[in-house]
Amino acid sequence: MSQSPNPAAPQQVASLLALATQFLGAGRPADAITPLHDAALLQPSNPIILHDLGLACLEVGRIPDAVAALQRAVASNPSYADAYFRLGIALEKLGNLGGAIAAYDRATKLLPSLTEAWFRAGALVYTLGNRDGAVNCFRRAAAAGGKTSFGRLGKARALLAEDRNQEAEQVLRETLVADPRNAMAYELLGDLLSEFGRFEEARACFERAITIAPLLAGSYYDLVRCRPVTGDDDGLLQQMQAALATPGLETGQRQRLHLAIGKAAEDLGDYALGMQHFDAADEVRRGSGAFDSAAFSIEIDRLIARRTPEWIARASELGSSDATPVLIIGMPRSGTTLVEQIVSMHPEVGAGGELHFWNQRGAEWHRSGAVGNQTPFVLSEFLAKAAADYLGVLRAIAPTSARVTDKMPFNFLWAGLIHLTFPRAIIIHCRRAAVDTALSIHQTHFHPSLAFPTGGVELVAYFRSYQRLIDHWRSVLPAERFIEVDYEELTRAAEPVIRRIIAACGLTWHDACLRPEWNPRAVNTPSKWQARQPIYRTSVARWRRYEPWLGPLRALVEDGSQPEAGIARS
């Protein structure tokens with residue numbers, strides 16, 4: 001702990017700092033906050049005191065106070081790399097990913113050897129869909145950190161981002177040999193193994209991560225999704241419930257832990273307990289910020305008003321003739337993963353997973369205020385660049401495939417723009433009974449960077465806005481380009497539905513498409529275990545198990561928001 005040269009009350013400040021140092025040395029950051037706060041009042045421009053105050057607040061979970069102190073620290077000393085780094089961590093915990101990335105960027109510019117800052121920035125940039133930027137950050141972490149924990153983890157994450165999974169597994173295992181108590185390495189290895197269906201190995205990794213670092217209790221969420229929880233999992237449910245009392249458990253970990261307990265309770269048939277914890281998880285999420293349903297509805301109205309039949313009709317004259325993209329859209333948890341598994345079993349199809357391209361490009365276009373009377377030159381210029389950039393992304397994934405899938409569910413927002421850019425592309429809209437979809441969303445963890453509700457009246461309102469937009473796309477897009485797959489029909493009579501999907505994609509029939517559970521690719525969604533099972537119907541009408549506890553979601557039963565049978569308009 002350093003003392004400022006500021007002459008204001010030097011003896012009093014020195015006494016306060018000595019007391020804070022004593023508390024910090026004893027592992028009592030909460031007790032150090034008051035003397036540090038008092039010292040900062042006496043020397044309000046002392047960046048070191050402000051940094052230490054922010055760090056103490058960060059360690060005890062007083063995140064807004066940490067942000068305020070650290071922002072004052074960097075304002076007092078714009079060259080204070082460590083303060084920028086801690087500010088990035090605090091902003092990340094608040095869910096301000098853009099602010100966190102900016103803080104990490106500033107920290108690494110000031111001190112390029114800050115390995116963990118490079119690593120954390122890479123993780124956030126990857127979450128926001130910038131794979132190349134993430135790989136660059138991870139490689140900088142690896143270069144700066146060498147054989148340190150974050151150096152090795154940076155190398156592993158760069159390989160994972162590039163789909164060099166075998167090499168990544170080797171690096172993670174080497175990391176664990178060198179550092180057997182590296183909980184993050186166990187967590188990353190567990191994620192990798194589960195993506196490839198190696199579920200028992202993955203479970204062991206998650207268990208080890210939690211044992212080493214109880215603050216990673218959110219890893220129970222991934223553990224219980226490796227397979228159904230049974231009565232043979234002795235004490236697992238009670239163990240997770242006890243973990244809720246872990247001192248210092250972060251908000252995100254607590255949310256995932258509630259979801260894990262809910263899932264385990266469902267597997268064991270205790271639906272009342274399950275819904276209690278699903279609701280608790282949603283309450284935790286709401287604490288990080290409310291979703292503005294009214295504003296979202298207004299934006300949907302704007303999309304509908306601007307994407308007129310006349311605007312869509314310009315596709316043939318302005319769009320690319322390339323038929324490579326297969327867009328799989330719909331609400332999350334509506335069957336998009338299953339449909340991608342089916343289509344990508346075809347030998348001429350590459351699987352792109354959930355690509356962020358259109359969420360970024362479409363939002364940019366929407367914010368620009370572009371409307372139907374935009375000049376042809378401006379519109380064609382935008383579309384040509386979007387087409388070239390998107391094809392570059394798809395070709396990097398599957399250079400020789402005739403078709404490449406993109407199963408980002410939220411592309412339902414941009415179906416009109418996508419069709420205008422690629423009038424020959426196929427858009428597959430996945431539908432599922434509204435209340436089953438909403439219930440599944442309520443039970444699933446979504447990254448806090450997604451502006452998306454997971455329960456309550458907000459989710460009901462979101463669903464209705466989504467339906468209104470889909471009704472519009474159904475009316476203005478060509479029937480042969482916009483097809484709809486009903487989850488209930490697909491799971492009831494799979495082969496005829498799958499044959500129609502493959503035909504709509506312009507592909508010859510291949511029997512492998514009937515066995516999506518054999519797909520060898522990585523599955524990086526919450527449906528990892530389900531994706532490895534033969535097509536099943538046990539998720540149809542799941543809401544009936546929860547009928548007494550549906551709360552606001554009951555409105556989706558009562559308003560008859562159920563899909564029609566079959567594939568419409570294909």
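Is cysteine 513 buried or exposed? Cysteine 513 is buried, with a relative accessible area of 0%; buried means under 20% relative accessible area, exposed means over 50%, and partly exposed is in between, using a 1.4 Å probe and protein chains only. You're looking at a predicted model, where local features need pLDDT of at least 70, side-chain atom pairs count only at pLDDT 80 or more, and totals for chains, interfaces and linings use all residues. Residues are numbered from 1 along each chain as its sequence is written, and side-chain values use heavy atoms, with hydrogens and water left out.

**Confidence**

- The protein chain has a mean pLDDT of 90, and 94% of its residues reach 70 or more; pLDDT is the predictor's confidence in each residue, from 0 to 100.
- Residues 563–570 have a pLDDT below 50, and this stretch has 33 contacts in the model beyond near neighbours in sequence; a contact means heavy atoms within 4.5 Å.

**Cysteines**

- There are zero disulfides in the structure, a disulfide being a pair of cysteine sulfur atoms within 2.5 Å.
- Cysteine 513 is in no disulfide, and the nearest cysteine sulfur, that of cysteine 505, is 9.1 Å away.
- Cysteine 137 is buried too, with a relative accessible area of 11%.

**Helix H2**

- Helix H2 takes in residues 29–42, which makes 14 residues; helices (H or I, at least four residues) and strands (E, at least two) are DSSP runs, numbered from the N terminus.
- From its first C-alpha to its last, H2 reaches 20 Å, close to the 20 Å expected at 1.5 Å a residue; the expected span is 1.5 Å times one less than the number of residues.
- The buried residues in H2 are Pro29, Ala32, Ile33, Pro35, Leu36, Ala39 and Ala40.
- Those buried residues pack against helix H1 (10–25), helix H3 (47–59) and helix H4 (63–76).

**Helix H24**

- Helix H24 (residues 434–442) is largely enclosed by the rest of the structure, because nine of its nine residues are buried.
- Among the buried residues of H24 are Asp436, Leu439 and His442.
- The cover over the buried residues of H24 includes helix H15 (251–267), helix H16 (271–286), helix H25 (456–476) and helix H29 (555–558).

**Empty space: the cavity and a pocket**

- Rolling a probe the size of a water molecule over the atoms shows where empty space is left.
- On a 1 Å grid over the protein atoms alone, a cavity is a set of points where a 1.4 Å probe fits but cannot get out, while a pocket is an open set with protein on both sides within 12 Å along at least five of seven lines; lining residues have an atom within 4 Å of a point.
- Grid points are joined across faces, edges and corners, and a volume is the space filled by probe spheres set on the points.
- The count comes to one cavity of 30 Å³ or more, and the largest cavity holds about 40 Å³ of space.
- Gln255, Leu259, Phe278, Ala281, Asp282, His442, Thr444 and Thr454 line the largest cavity.
- H16 gives the most to that lining, with three residues.
- The second largest pocket has a volume of about 710 Å³.
- That pocket is lined by 23 residues, and the closest to its centre are Asn359, Ala363, Leu413, Trp414 and Ala451.

- Leucine 257 lies in helix H15 and is buried, with a relative accessible area of 0%.
- Leaving out residues up to four places away in sequence, leucine 257 touches Ala217, Gly218, Tyr220, Met240, Ala243, Leu244 and Leu249.
- Proline 309 is in helix H18 (residues 309–313) and counts as partly exposed at 47% relative accessibility.
- The C-alpha atoms of proline 309 and valine 476 are 5.3 Å apart, although 167 residues separate the two along the chain.
- Aspartate 163 has a phi near 60 degrees, a positive value in a residue other than glycine; this aspartate is exposed, with a relative accessible area of 55%.
- Arginine 333 has a phi near 70 degrees, also positive in a residue other than glycine, but arginine 333 is buried, with a relative accessible area of 17%.
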